[in-house]
Amino acid sequence: MSRLKDLQKNLFGGTTSNARQFGMIFTLVAIVVLFQILTDGLTLRSDNLIALFQQNSYILILAIGMLMVIVAGHIDLSVGSIAAFTGILVAKSMADWNLPWPVAILFGLAIGAVIGAWQGFWVAYIGVPAFIVTLAGMLLFRGGNQFIGNANTIPVPEGFRVIGSGFLPETGPNTGYNNLTLLLGLAGCIAVVWRELKNRRTRREMNAEPIPMWISILRMAVMVGVLVFISLRFASGRVGTSFPVSGIILVALVLAYSFFTRNTAGGRHIYAVGGNSRAAELSGVKLKRVNFYVMMNMSVLAALAGMIFVARSAASGPQDGNGWELDAIAAVFIGGAAVSGGIGTISGSIVGGLVMAVLNNGLQLMGVGTDRVQIIKGLVLLLAVAIDVYNKRQGRFSVIGSITRPFRRDEPTTPTSSSEATREPARTTVAG
């Protein structure tokens, strides 16, 4: 019984973001296993995994930026339109203005920065709610896409397509696998072990109660096992395919933004603003600067996502970006972000996006029509959360409640002294 309590406390209900992310990964694995059975093994085939990742990489990139927007207490409805607008301008810059594709990528990022500065100005310095500003932006930039492109598709050159449809190249001895993908997986395994050991060392240095060693070993074994399996799947695809270049971009962004939100003052300020903007401002946080930054950053990532989609599609079209904002927002909330702001993680949003992607992919592999896919996705997600919330209120075991317990702001912390017992319950914010 004591081991079971240790498992629930440290694996699902502990006090670190690692525990929560680990639980979210368990949820994703359960969904994958379910569809693997229902689709007679099609879900985990190499070609399907590679296609699934390429088809959803731009949504996962949007989820990174949307997480920071939502944590700061805002919402952005314009990301799909910004992606489409940027895509059409970048495509025209290469087709009509003969810009080299590397310069065109920088041009696209600059467009995103200018759009983000425009929207950030209205939100941060004029005080117009982000919902209204981005709703206007959704209409403005969708119309701009169709006006500039004249409702036509514009092809992009071969070199540009690498960022959306390229793969890690074949190199080294013939092992039957893509060697660079295997090395990438090995690096991930080493990182998992190093991080777990580093966390244990940090807890010892802080004189905190150490997590039982068997739980640390279980964490590492499961994570390493998942990474090894995924690496072998991506590395064993048909010749010419491997881990996508868009995946490399996504991994780099996840690492960079996770570090930013966890380890920098700027990242912590975003969570402070979302948790209590008035208190954050009184503490010296530059409220307008933070709001301006999160809106501008979102538009830059939207521009990048739009270029990756255009590169994969080999052309920019008038329907690009439709509904992307809803997918990104859903990924963030499924990943555990709070509607009121102040709570959420980068990795949680990525896992939330993968849950949506696997659900959509699995239903399609089962031959379910697009219309019924949307209905089933909505009903399954709504019912799953509703049942879980009901169980939590009845005092029964709750998966979501267990996973998100250490991140709730409405639960008082346990007093450690008589003086602390008289204080108001603290509201916490969680980063990374």
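Reader: What does N98 count as, buried or exposed?

Author: The relative accessibility of N98 is 62%. Buried means under 20% relative accessible area, exposed means over 50%, and partly exposed lies in between, with a 1.4 Å probe and protein chains only. N98 therefore counts as exposed.

Reader: What kind of model is this, and from which number are its residues counted?

Author: This is a predicted model, in which local features need pLDDT of at least 70 and side-chain atom pairs count only at pLDDT 80 or more, while totals for chains, interfaces and linings use all residues. Side-chain values use heavy atoms, with hydrogens and water left out, and residues are numbered along each chain, as its sequence is written, from 1.

Reader: How many helices and strands does the protein chain have?

Author: Helices (H or I, at least four residues) and strands (E, at least two) are DSSP runs, numbered from the N terminus. Counted in this way, the protein chain has 18 helices and 2 strands.

Reader: What is the phi of N98?

Author: N98 lies in the loop between α4 and α5. Most residues other than glycine have a negative phi. N98 is not a glycine, yet its phi is positive, near 60 degrees.

Reader: In which loop is D40 found?

Author: D40 is another residue with a positive phi, about 55 degrees, although it is not a glycine. Its relative accessibility is 73%, so D40 counts as exposed. D40 is found in the loop between α2 (17-38) and α3 (46-71).

Reader: How are α4 and α6 oriented to each other, roughly parallel or roughly antiparallel?

Author: Axes are lines fitted to C-alpha atoms, for helices over the stretch in contact, and the angle between N-to-C directions runs from 0 to 180 degrees. The axes of α4 (residues 79-95) and α6 (residues 130-149) come within 8 Å and cross at roughly 25 degrees. Angles under 35 degrees count as roughly parallel, over 145 as roughly antiparallel, 65 to 115 as roughly perpendicular and the rest as oblique. For that reason α4 and α6 are roughly parallel.

Reader: How many charged residues does the contact of α4 with α6 have?

Author: Contact means heavy atoms within 4.5 Å, and the meeting residues include F85 and I88 in α4 and F141 and R142 in α6. Ala, Val, Leu, Ile, Met, Phe, Trp, Tyr, Cys and Pro count as nonpolar, Asp, Glu, Lys and Arg as charged, and the others, Gly among them, as polar. By these classes the contact has 8 nonpolar and 6 polar residues, and the number of charged residues is 2.

Reader: How far apart in space are G143 and F85, C-alpha to C-alpha?

Author: G143 lies in helix α6, and with 34% relative accessibility it counts as partly exposed. Along the sequence, G143 and F85 are 58 residues apart, while their C-alpha separation in space is 8.5 Å.

Reader: What span should helix α8 have?

Author: Helix α8 (residues 179-205) has 27 residues. The expected span of a helix is 1.5 Å times one less than its number of residues.

Reader: Which helix is included in what covers the buried residues of α8?

Author: The residues of α8 that are buried include C189, V192 and E196. Among what covers the buried residues of this helix is α9 (213-235).

Reader: What does P210 count as, given its relative accessibility?

Author: P210 is found in the loop between α8 and α9. Its C-alpha atom is 9.5 Å in space from that of N199, which is 11 residues away in sequence. Because its relative accessibility is 47%, P210 counts as partly exposed.

Reader: Is the crossing of α14 and α15 left-handed or right-handed?

Author: Helix α14 (residues 324-334) and helix α15 (residues 346-365) pack at an angle of about 115 degrees, with their axes 7 Å apart. A crossing is left-handed if the near helix is turned anticlockwise from the far one by less than a right angle, and right-handed if clockwise. The crossing in which α14 passes α15 is right-handed.

Reader: What percentage of the residues in the protein chain is buried?

Author: The protein chain has 432 residues, and the buried share of them is 47%. That figure is a total, and totals for chains use all residues. The percentage asked for is 47%.
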